[in-house]
There are 2 protein chains.
Amino acid sequence: MTDVSDDRQAWRELAQQFRVDSIRVSSAVGSGHPTSSLSAAELMSVLVSKHFRYRVDSPKSPHNDHLLFSKGHASPLYYSILLAIGAVDEEEFQTYRRRGSRLEGHPTPILPWVDVATGSLGQGLPIGVGVALAGKRLDRLPYRVWVLCGDSEMAEGSMWEAFATASYEGLDNLTAIIDVNRLGQTGPTRYEWDLGLYAERLRAFGWHTVEIDGHDVDAVDAAYAEAVATGNKPTAIIARTVKGKGVEWVANENGAHGKPVEDAEKAIAELGGRRDMRITPPAPDESGRRHMFEGGGPLSLPRYEVGQKVATRKAYGEALTALGKARPEIVVLDGEVGNSTYTELFAQAIPERFFQMYIAEQQMVGAAVGLQVRGWRPFAATFAAFLTRAYDFVRMGAVSRVSMSLCGSHAGVSIGEDGPSQMGLEDLAALRAVHGSTVVYPCDANQTAKLLALLADESGITYMRTTRQATPVIYGPDEEFSIGGSRVLRASDDDQVTVVAAGITVPEALAAADRLAQDGLSAQVIDLYSVKPLDSATLVEAVRRTQRVITVEDHWPEGGLGEAVFASLAEAGVPFVGELLAVHIMPGSATPEEELADVGIDSTAITDAVRGLLDRSIDQAGGRRVAATGRAG
Amino acid sequence: MTDVSDDRQAWRELAQQFRVDSIRVSSAVGSGHPTSSLSAAELMSVLVSKHFRYRVDSPKSPHNDHLLFSKGHASPLYYSILLAIGAVDEEEFQTYRRRGSRLEGHPTPILPWVDVATGSLGQGLPIGVGVALAGKRLDRLPYRVWVLCGDSEMAEGSMWEAFATASYEGLDNLTAIIDVNRLGQTGPTRYEWDLGLYAERLRAFGWHTVEIDGHDVDAVDAAYAEAVATGNKPTAIIARTVKGKGVEWVANENGAHGKPVEDAEKAIAELGGRRDMRITPPAPDESGRRHMFEGGGPLSLPRYEVGQKVATRKAYGEALTALGKARPEIVVLDGEVGNSTYTELFAQAIPERFFQMYIAEQQMVGAAVGLQVRGWRPFAATFAAFLTRAYDFVRMGAVSRVSMSLCGSHAGVSIGEDGPSQMGLEDLAALRAVHGSTVVYPCDANQTAKLLALLADESGITYMRTTRQATPVIYGPDEEFSIGGSRVLRASDDDQVTVVAAGITVPEALAAADRLAQDGLSAQVIDLYSVKPLDSATLVEAVRRTQRVITVEDHWPEGGLGEAVFASLAEAGVPFVGELLAVHIMPGSATPEEELADVGIDSTAITDAVRGLLDRSIDQAGGRRVAATGRAG
């Protein structure tokens, strides 16, 4: 290992090494983005040689700086850095993009030096804001966050959410390094090399800016020093670079994006051949101690009386506050709707661990991802409808192996008068379709509190769906629930049908069962509060007996409770006939009760569906006998 | 009707009328956002009296200006305008937020004067950009687009995508009216009344800016005149206003958001009581004619030879170009990945109807929505993975009753080396869970072309999923397909199992069937290219015979092909045992073939699943016999 912390010639050599390594590794596998790597070679060589303070052998140290490749497609460059700092060896380096390799096409945290997965543009910076917020407000350590951004991704709105948030929060520990290489995937970017335009926008957004030639190592070094020296505001280094720099036949050429450099050998020769420099980044300042918040202790969840009417969103806020008091690692974010999601209760009780993200859902989830990089446990909440805004961040969160808890309030048509723009009706589908996710949908306040406490210990992305209006408390405060569990609320040996409900439809299903009982019809009712994972065993046992299932959910018919239940039963091979009650029409404005009735998921609709289904039986010869009241398959 | 086009006192009176009407209508129903309406009363009274050129009796006239309430929660104000211009009468006005009313909590196009649904903040402006683009580049008419924005929504990244796009496109027909009322839902906005900060940012983003007192009708009038007179760039009017203006006990008070004004009667008295002004907005310039593009004629779709290998994404681009030549109303948008989605073929052939939206997927979908407001038929494409970025816009598109066609390329693990950040694995779940959507997933080039032509005539939001790698052409160029159809590719009387596949898994299913046939096992294979709507009749008929179904999809297990099939069969009451093959693990980088094998959806996995399933039978007593190879239910 060489000390290159003040050796200009070494920085230049290291940059050439990064170029050579980026070319040879992408050419070896026949894919990747070498040209996008070549443009940022000096930006990275100077950074890791002198300014990036990091212990390679201790990647999770709280004292380390953080380097995020927001332009994740420049992974050849990133892995060339890992090779140079001794994180990976040449043998592993050569596994790039191959089956089973940790060196994937875009970086992911299966490599311990990678904080988060990137590759969907516009995410690295909002996540970097989260890490920098952790440094300032939670860890209270002097580590810095360096984010390498592409110029193409400056078109993403999420970048500007991040720029606004970072300056507002005074994140002088955050540096955005913008690699302005002029060319996007298909052609020139909007503003090509107009560095002044970027600088003007960023200054207007409250950032300190430095415009440089990104291939001039002295300029790069000075810019980083200026960033470190600048207080109270984040710094953006706007670097004019050449895509494909150093290789004549791809340099600044359109059409060379995302493919290996032609004639790699000649290119490597042009770059002065292979080098084998190994460097050690400067050590971090390890004098401070990570701040830990006081408090902690036994969890004292709120308790609700059976029969009370309490909105699950309110129970969420109350339980979250209790959880926060018991567990100092819990932090909360909201998209400026805290008096709707009830995170305001947490904000009032524990303001130092509450993050107001304003109406910027992508930044909210991005910040949550960044906070958990540093070991904090984020709970982020907004309307379920508006979480769709951050769906790409949630999706990428799964690739990042993130553990965080999301909450979507105001789910379903039962919000009533505000109308469909505010109704989360696709959230179960969207959040179920996230790898490794947990999805729960409580029906009452005590269940909400208990499930929330369980979610705090789940790994992966968890999602809780809450309801706007007050619903009756049906469970006592000492009842226990489990992730992957369910609760059979009505059962008898005479059950003719199983009704599976969750959340707002549970009281409707119970009312339907009561009404049917008056007519001598017996319906089993299951509260399937854990939508993912699903309590398949209980469902199978129930449907073995009744052979008829009605699912009822305040959600579009696709991808929600009903399809999950039917797929589970189908895989179990239980013969049954099912009916899926869900929101089949576009709702308008009405009272909650009217909405539930109009879309056909209230107790009357359930009662009618049960009666209709009882007229049908499974056609053992195959196919069903369609009763007069049945919908065509 | 009164001519108030130059009557300052009338503008002030009209503003007071809007306030009174906003209060009385929200108080009558007991919900809504009167205070957010009161702040913009003068902004709107001056606009509709003098600058908004509009024929109320002809809301779809191509000559009309457009008014979008990006702050859709100010619907009381919007409906007060409709009342004043005679679009709705007092009786209908009083139905606000009530069951069956066209006057929903947030405006939707079930009212003919509403272009698009708003209520999810940050969408009106990007959509307005689309309408303004239509005016400039397609219709070539002098109509103007006025967008009333809130200050809270300035935190949304999508707003900044719109600001960047509008100035880059020189949209001097677009005016953003920013109602800076200082207070958000839960408290002060980030920048409160710092008009200069907004102005600096907007100027840096290439906009002309005017800062005014939003309650001074002369200033408002002058600002609009300045906007109209400003060429080559869009204008933002940044108006300092008071939330709840005119009612002492809510004016500029926190905590008054989103609820009726207390003591409405007193408030109305304070505002000078009810008025009953009826006005006519100025007439539009109707001298020009809407531009129509030349061309049109019979559709000549590309034709591919059976046995050729062609990527469906390439066939998409080729068919789209053919479609564009045949139909002059078709326009195409892309998120700067046109050489991946192959929209570049359309861009090369028909540049005047191609819109490069750069890496800004929200703006891309928002612009598509705006273009279709003016009757153009948008096709918007990016990677399936990155469409998740615009999911809120797609969701709201359904509320807007939009007709547009989306395409997601590079779906599934079969993209190979680029890794999971680039793999669309949740798109079927997300797009199925859109009200009224159509979802198709072709397996070969001819099918792609034929389905694309059909999608151009579908109403609602359509989605086509395409594949990165070349796949064999299995259908001849004269085969016909249908929305809601499927194709049985292998069938015999001896079939023991039904395999349902789509897209990339169709050739895998066929290979599996061939291999099984060598062992004397007979598998029926269905190409379920229409994922929504689903060909339930064919599925039912098939499974009646085989009683065993395997679904196989390059997608997460949730919300995709398998769940759709199983739910459909369950509702039909067909007894069966199913197995859902899908992406059950987080993929990494590998070759496409390795990826399909590793996640268990290739021909080998299908073959194994068939063998396993043949060892099982439906347990008529209920429950399944778990074979040694079976996964636990």
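Predicted model: local features only at pLDDT ≥ 70, side-chain atom pairs only at ≥ 80, totals over all residues.
Visitor: How are the rings of W160(A) and F163(A) arranged: stacked, tilted or edge-to-face?
Guide: A pair of aromatic rings is described by the distance of the centres and the angle of the planes. For W160(A) and F163(A), the centres are 4.7 Å apart and the planes stand at 55 degrees. Planes under 30 degrees apart count as stacked and over 60 as edge-to-face, so the remaining class applies. The pair is tilted.

Visitor: Is F163(A) buried or exposed?
Guide: The relative accessibility of F163(A) is 0%. Buried means under 20%, so F163(A) counts as buried.

Visitor: Which class describes the pair of F481(B) and Y529(B)?
Guide: The ring centres of F481(B) and Y529(B) are 5.3 Å apart, with the planes at 80 degrees. Because an angle over 60 counts as edge-to-face, this pair is edge-to-face.

Visitor: How many residues apart in sequence are the parts that F481(B) and Y529(B) tie together?
Guide: F481(B) lies in the loop between β13 and β14 of chain B. Y529(B) lies in the loop between β16 and β17 of chain B. The pair therefore ties together parts whose separation in sequence is 48 residues.

Visitor: Which residues have the most contacts inside the largest nonpolar core?
Guide: In soluble globular proteins, nonpolar side chains tend to be buried together. Here the largest nonpolar core has 307 residues. Beyond its neighbours within four places in sequence, F163(B) touches residues including L125(B), M154(B) and W207(B). The residues with the most contacts inside the core are F163(A) and F163(B).

Visitor: How many residues of strand β19 of chain B are buried?
Guide: In a regular strand the side chains alternate between the two faces of the sheet. On one side of β19(B), V577(B), E579(B) and L581(B) are buried, and on the other G578(B) and L580(B) are buried. Both faces are thus covered, and the count of buried residues is 5 of 5.

Visitor: What is the handedness of the crossover from β18(B) to β19(B)?
Guide: Strands β18(B) and β19(B) pair in the parallel sense over 5 bridges, and I550(B) stands opposite E579(B). Between the two strands the chain passes through helix α21, residues 561–572 of chain B. This β-α-β crossover is right-handed.

Conventions. Residues numbered from 1 in each chain as written. Chains lettered and ligands numbered in written order. Heavy atoms only, no water. Phe/Tyr/Trp six-rings, centres within 6.5 Å; stacked < 30°, edge-to-face > 60°. Buried < 20%, exposed > 50% of the residue type's maximum accessible area, 1.4 Å probe, protein only. Helix = DSSP H or I, 4+ residues; strand = E, 2+ residues; numbered from the N terminus. Core = buried A, V, L, I, M, F, W, Y, C linked by side-chain atoms within 4.5 Å. Contact = heavy atoms within 4.5 Å. Pairing = 2+ DSSP bridges. Right-handed = clockwise from strand over helix to strand, strands pointing away.
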